[in-house]
Amino acid sequence: MIKKNPLQEELTELDKKHFIHPTSNMKQLQEEGPSFIFTEGDGIYLKDIEGRTLMDSLSSLWNVNIGHGRKELGEAAKAQIEKLAFTSTFSNWSHEPAIRLAAEIAKWTPGDLNATFFTSGGSEANDTAFKTVRHYWKIKGHPEKKKIISRKNSYHGVAMGSTSATGIPEFHTFTESIAPDFYYVDSTIESLTELIEKEGADSIAAFISEPVQGSGGVNLPSDGYFEEVRKICDEHHILLISDEVICGFGRTGTHFGMENFGIIPDIITMAKGVTSGYAPLGGMIISEKLHQEIYEKAEGNFWHGYTYSGHPTAAAVALKNLETIKNENLIDNVNRMGDEMLKGFKWIQEQNKQVIDVRGIGLLGAISIDRKSADVAPIGPKIVAEALKRGLICRSVVYDGQDTLAFAPPFVINKKQMDEMITIVDESIRAVN
């Protein structure tokens, strides 16, 4: 057993005693301590307390899009903190960073989606969207339109409403008490139309979907799926919410993921990539039509808000992040390196018979392993462990019988680094044959 250095030992014991980790195994933490204690980040790499340098092939949590260690974002935060670290935006109070960011986001969004409500992250963004669509139908004279439809294997967050919209059972069994009026469909048009017919369109407020399912397995939609969804929603007066928390701000090679399918949703929810993880920030972006109808028809306050809605420091960081993506033409690199990643995945599939599917769009991709049957333990976690030995952090998805490796490297990855990532993944798959 390798002896830990004194600082690592101290932090490990403090972590075990005092830190409850999100989406983690509590018993495993007590037995083994934290899996990593990271100390530094630079580009596509992370360094941990043991001195290991590791390639981060998932941008940490699908979010460090411009890469680690960008000093200009730290400088933007410092300048804003010294000037105005925080002030409320309740009661129509405002400040320049939030105003400028809302205006900048409107330049990125498709169609007429140009008004943003800010949150601290994606879960809050989706909860905000669910409350807003129900409020919208209420002031329109249709309070019975309150049901939310989402897709199985979708992930929409872990606040009460967003947990209830998430189509992954493991998140529901945590409490056995999800919110009412949430429904789930398979990723087929038939499943959606059948549910609408069963429940009645006059009771349904909105349909929410990720353009590409992220945490549920990097699952791309079938050809024409969202075009049909848009038609169905329009026909039945159901609002379409695009959860762009992972896909937004360039991850799929376009500003927002739905643009790949020629779709303009009524609402976009976003987080992660808007700051590249350098500050917690999310939001709901609504169309001009919805915005105008809400402020014209509603009486009194918009009774929804978080302490940190429009946080000035987070907004300043977001502005610098979006400026960086534009100035460095990083979305162009997403498309170039995304092509290289998919080409590499196809090569891996040719070399390894147990690889049954590869897919990708922009710098969001996956490799599916043949699990044989649901009774057989997945080998994805073993591949992840082998990759770690070789200096690569990646992620496995095993929900719903899947055995999938998921990838979303930072936008700054280059050809040499991509080739190294592909080589390590191939070696790791071979190692568990």
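1. In this predicted model, Ile241 has Ile267 of strand 9 as its bridge partner. The strands concerned, strand 8 (residues 239-243) and strand 9 (residues 267-270), run parallel and are joined over three bridges.

2. Helix 6 (residues 122-139) packs on the sheet, where it touches strand 4, strand 5 (147-151), strand 6, strand 7 (204-209), strand 8, strand 9 and strand 10. The direction of helix 6 makes about 170 degrees with that of strand 8. Helix 9 (residues 189-199) also packs on the sheet, touching strand 5, strand 6 and strand 7, and its direction lies at about 145 degrees to that of strand 6.

3. The sheet itself is open and comprises seven strands in the order 4-10-9-8-7-5-6, with mixed pairing. From one strand to the next, the twist averages 25 degrees.

4. Strand 4 (residues 113-119) pairs with strand 10 (residues 282-287) in the antiparallel sense, over six bridges. Within this pairing, Phe117 stands opposite Met284 of strand 10.

5. The largest nonpolar core contains 54 residues, and Ile105, Phe345, Ile367, Phe407 and Met421 have the most contacts inside it. Helix 13 (residues 330-351) gives the most to this core, contributing seven residues. Another core, of 34 residues, lies apart from it and includes Leu58, Val229, Leu364 and Val397.

6. Beyond its neighbours within four places in sequence, Ile367 contacts residues including Phe345, Ile348, Val355, Leu405, Phe407 and Val425. Asp357, Asp403 and Thr404 are also among the contacts of Ile367.

Conventions: Residues numbered from 1 in each chain as written. Predicted model: local features only at pLDDT ≥ 70, side-chain atom pairs only at ≥ 80, totals over all residues. Heavy atoms only, no water. Pairing = 2+ DSSP bridges. Helix = DSSP H or I, 4+ residues; strand = E, 2+ residues; numbered from the N terminus. Core = buried A, V, L, I, M, F, W, Y, C linked by side-chain atoms within 4.5 Å. Buried < 20%, exposed > 50% of the residue type's maximum accessible area, 1.4 Å probe, protein only. Contact = heavy atoms within 4.5 Å. Axes fitted to C-alpha atoms, helices over the stretch in contact; angles between N-to-C directions.
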